[in-house]
Amino acid sequence: MISENIKKVQNNIIDAAQAAGRDPKEVTLIAVSKTKPVEALQEAYDAGMRDFGENKVQEIVEKYDKLPQDIRWHLIGHLQTNKVKYIIDKVYMIHSVDSYKLACEISKHAQKHNVIMPILIEVNVANEETKFGVKPENTEELVKMISQLPAISVKGLMTVAPFTENPEENSTYFSTLKQLLVDINAKNIDNVNMDCLSMGMSGDYMVAINEGSTYVRVGTSIFGQRQYMI
Ligand SMILES: *Cc1c(COP(=O)(O)O)cnc(C)c1O
């Protein structure tokens with residue numbers, strides 16, 4: 001049952017936040033609904049979810065009109081510059097910005113629609129070859145450049161931690177991301193005051209909350225295993 005799964009995850013979030021001495025309200029649960037049919041999303045919506053995460057532009061576009069308009073759509077997957085135009089008026093936040101070129105394109109289209117697009121910078125904290133994201137040591141420079149763009153607002157950092165059987169192993173990556181955010185904020189860069197950390201998935205969101213996460217992106221623990229058509 002999706003609604004029961006959501007309740008469980010929400011309770012875990014409360015437990016993890018309280019154990020870390022944090023207010024559970026600081027943590028927003030994003031239901032990652034990629035590959036799932038709109039009926040499943042509607043069920044999650046009826047159980048109170050309003051934040052949904054998708055990793056493909058096409059899936060957001062297809063689902064957008066079939067679901068309630070007060071949903072906040074989070075784009076959490078790699079975004080190609082030529083697809084920005086399809087989602088600029090549909091998404092609440094883009095979590096996966098990792099290049100200046102992409103940020104320029106987002107700002108350009110946001111300007112056309114008269115909006116300021118909130119974004120996060122995706123950081124490859126574990127330096128994994130297979131992963132998107134900017135290197136930790138290049139993050140400050142990228143934040144600095146992007147914050148000059150007119151129609152974009154850098155809200156924080158995001159990471160996809162390595163897959164592991166033991167979630168505790170990822171706590172070092174989460175604390176690295178948090179420290180990076182603190183360090184960049186301390187540089188007093190114009191227009192930069194980041195307070196969002198998007199980190200933690202089904203396997204490790206409680207560890208991430210302990211390290212300061214403000215957005216956890218949970219798919220499998222809410223909707224069950226994904227089946228990919230090949
Ligand atoms: C799929 C995905 C998630 C959710 O993963 P689960 O392990 O199913 O919770 C979170 N973040 C990103 C970027 C994803 O692509």
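Salt bridges and the ligand site

A search of the whole structure, which is a predicted model, finds nine salt bridges. One of them joins the side chains of Lys90 and Asp89, where the N to O distance is 3.5 Å. Another salt bridge is formed by Lys108 with Glu105, and here the closest N and O atoms are 3.6 Å apart.

From these charged pairs we can turn to the ligand. The space that the ligand takes is the largest pocket, and the residues around the ligand are Val32, Lys34, Ile76, Val160, Met201, Ser202, Arg217, Val218, Gly219, Thr220 and Arg226. Sorted by class, this shell consists of five nonpolar, three polar and three charged residues.

Several members of the shell can be followed down to individual atoms. Ser202 places a polar side-chain atom 2.5 Å from an oxygen atom of the ligand, while the side chain of Arg217 has an N or O atom that is 2.9 Å from a nitrogen atom of the ligand. Gly219 takes part through its backbone, a polar atom of which lies 2.8 Å from an oxygen atom of the ligand. As for the surface of the ligand, the area exposed when the ligand is taken alone is 390 Å², and the protein buries 88% of that.

Technical notes: Residues are numbered from 1 along each chain as its sequence is written. This is a predicted model: local features need pLDDT of at least 70, side-chain atom pairs count only at pLDDT 80 or more; totals for chains, interfaces and linings use all residues. Side-chain values use heavy atoms; hydrogens and water are left out. A residue is near a molecule or strand if one of its heavy atoms lies within 4 Å of it. A polar contact is a pair of N or O atoms within 3.5 Å; within protein, one must be able to donate a hydrogen and the other to accept it, and residues adjacent in sequence count only if both atoms are side-chain atoms. Accessible areas come from the Shrake-Rupley method with a 1.4 Å probe; for residues, only the protein chains shown count as cover. On a 1 Å grid over the protein atoms alone, a cavity is a set of points where a 1.4 Å probe fits but cannot get out, and a pocket is an open set with protein on both sides within 12 Å along at least five of seven lines; lining residues have an atom within 4 Å of a point. A molecule sits in a cavity or pocket if more than half of its atoms lie within 2 Å of its grid points. Ala, Val, Leu, Ile, Met, Phe, Trp, Tyr, Cys and Pro count as nonpolar, Asp, Glu, Lys and Arg as charged, and the others, Gly among them, as polar. A salt bridge is a side-chain nitrogen of Lys or Arg within 4 Å of a carboxyl oxygen of Asp or Glu.
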